[in-house]
Amino acid sequence: MAEDRYLDPTRESFDAFKALPRDVPINMLNLLRFHQIAQYPAGHPNAGRGWSGARAYEEYGKTSGPIFKRVGGTILWRGQMECMVIGPDDKQWDVSFIAGYPNSGAFMEMVTDPEYQKAVVNRQAAVLTSRLIRFGEIDGPDTFG
């Protein structure tokens with residue numbers, strides 16, 4: 001079975017994101033699976049370097065990181081998958097993290113920034129498939145209830 005590829009939001013999913021409240025903090029769960037060799041478009045300066053997907057993603061982090069910080073983004077948690085306890089065995093993730101933003105406007109500011117648009121090519125070259133899930137914060141007990 002071919003690997004499903006999710007790299008960028010669809011128009012519908014991005015419209016759903018924009019329709020949610022914009023003035024509340026949000027957390028974005030990122031699940032990433034990398035290409036073995038980054039897949040840059042022909043003619044891109046990094047094409048032909050033979051970078052791994054992980055190395056291309058590092059470059060994305062270096063070039064997009066200042067914009068992420070400028071809009072108020074922070075990494076709340078980062079981890080490496082060890083095993084699937086509940087879920088499909090064929091879904092494996094190389095890197096997972098939760099990025100926090102002061103509000104959805106900060107995320108929108110980041111992804112529409114012209115320098116970010118240049119940096120995101122490294123992400124697109126690096127990632128085989130991904131999931132990006134927005135979570136809002138809720139109050140509750142410090143248990144599973």
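Student: Is Lys118 buried or exposed?
Tutor: Lys118 is exposed, with a relative accessible area of 55%. Exposed means over 50% relative accessible area, buried under 20%, and partly exposed in between (1.4 Å probe, protein chains only). This is a predicted model: local features need pLDDT of at least 70, side-chain atom pairs count only at pLDDT 80 or more, and totals for chains, interfaces and linings use all residues. Residues are numbered from 1 along each chain as its sequence is written, and side-chain values use heavy atoms, with hydrogens and water left out.

Student: What does Lys118 meet in a salt bridge?
Tutor: Glu115, at 3.1 Å from N to O. A salt bridge is a side-chain nitrogen of Lys or Arg within 4 Å of a carboxyl oxygen of Asp or Glu.

Student: OK, new pair. Which residue does Glu109 bridge to?
Tutor: Arg70, at 2.9 Å from N to O. This pair links distant parts of the chain, 39 residues apart: Glu109 is in helix α3 (residues 104–112) and Arg70 in helix α2 (residues 53–70).

Student: How accessible is Glu109?
Tutor: Glu109 is partly exposed, at 41%. Arg70 is partly exposed too, at 47%.

Note on methods: Helix = DSSP H or I, 4+ residues; strand = E, 2+ residues; numbered from the N terminus.
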